[in-house]
Amino acid sequence: MKGPQRAGDAQSLPGMAAYKRGEYRRALRKLRPLAEKGEAAAQLMLGTMNEEGRGVVQNFLEAEKWYRLSAEQGNVKAQLRLGMMYHQGKGVLQSYREAVKWYRMAAEQGHAKTQFNLAYMYERGKGVSQSYPDALFWYRRAAEQGFALAQSNLGDLHYYGRGVAQNFDEALKWYKMAAEKGNAPAQSNLGVMYFHGRGVPKNFVLAHMWNNLAAAQGNKRAKLIRDTVSKQMTPEQIVEAQTMASEWKPKP
């Protein structure tokens, strides 16, 4: 979900277009005056350019300054970027509490990636007291917007009964949504559910297919599971699973 456009933000469009074309110095010339006048979108872009070292010498302190100015005006992308700087300790003293503060601001505006980040902080107890119910709440908010990582993690919470009663049907639902978008952990977990017959009838062909897809993305656990499943399959079943994997396409 995009944040609301602020008054005057449209003036940044030519500078943003130059940035997308890779004309960073031209973008800088157009965006800096607007940022200095207080335009949130231009401030966000200036923060990005300083963080990435595009058109300027990389400078995390400058990036933090511009992100903060934009974030304080409610720009959700700036709030996300600023939260991530504090989360990672990138150019600033690492502070999970400060990261949570900015994540929460953007999450409450409906920004899916930041909702995922906030849920992760609750799940791991970083900057806040660990709370599976709060993690569940924010993962669900992001998952309902189609955010695959949140769907996968929401599946985990239902699978293991964290913050909610264990429910294989719900886990299956969320794993499937994420798996169909190409999320490797969800593909592997979905395959495991087919292998064990949890929430769904046992199906070694589908168990092999989903773990094969995840393994192709470099997921080592999925490769081990795929090879384990193979030992219980006929050669014909393996060929069928491999054919299904080769023909599979992610949903948009």
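1. Which residues are linked in a network of salt bridges? The network joins E51, E52, R54, R81 and K90, where a salt bridge is a side-chain nitrogen of Lys or Arg within 4 Å of a carboxyl oxygen of Asp or Glu; by this rule the count comes to 14 salt bridges.

2. This is a predicted model, in which local features need pLDDT of at least 70 and side-chain atom pairs count only at pLDDT 80 or more, while totals for chains, interfaces and linings use all residues. Residues are numbered from 1 along each chain as its sequence is written, and side-chain values use heavy atoms, with hydrogens and water left out.

3. R68 and E98 meet through their side chains in a salt bridge of 3.8 Å, N to O. This pair links distant parts of the chain, with R68 in helix α4 and E98 in helix α6 (residues 96-107), 30 residues apart; helices are DSSP runs of H or I with at least four residues, numbered from the N terminus. R68 is partly exposed at 21% relative accessible area, whereas E98 is buried at 19% (buried means under 20%, exposed over 50%, partly exposed in between, with a 1.4 Å probe and protein chains only).

4. The structure holds nine aromatic pairs, that is, rings of Phe, Tyr and Trp (its six-membered ring) with centres within 6.5 Å, counted as stacked for planes under 30 degrees apart, edge-to-face over 60 and tilted for the rest. One of them, F116 with F147, is tilted, at 5.6 Å centre to centre and 45 degrees between the planes.

Terms used:
Helix = DSSP H or I, 4+ residues; strand = E, 2+ residues; numbered from the N terminus.
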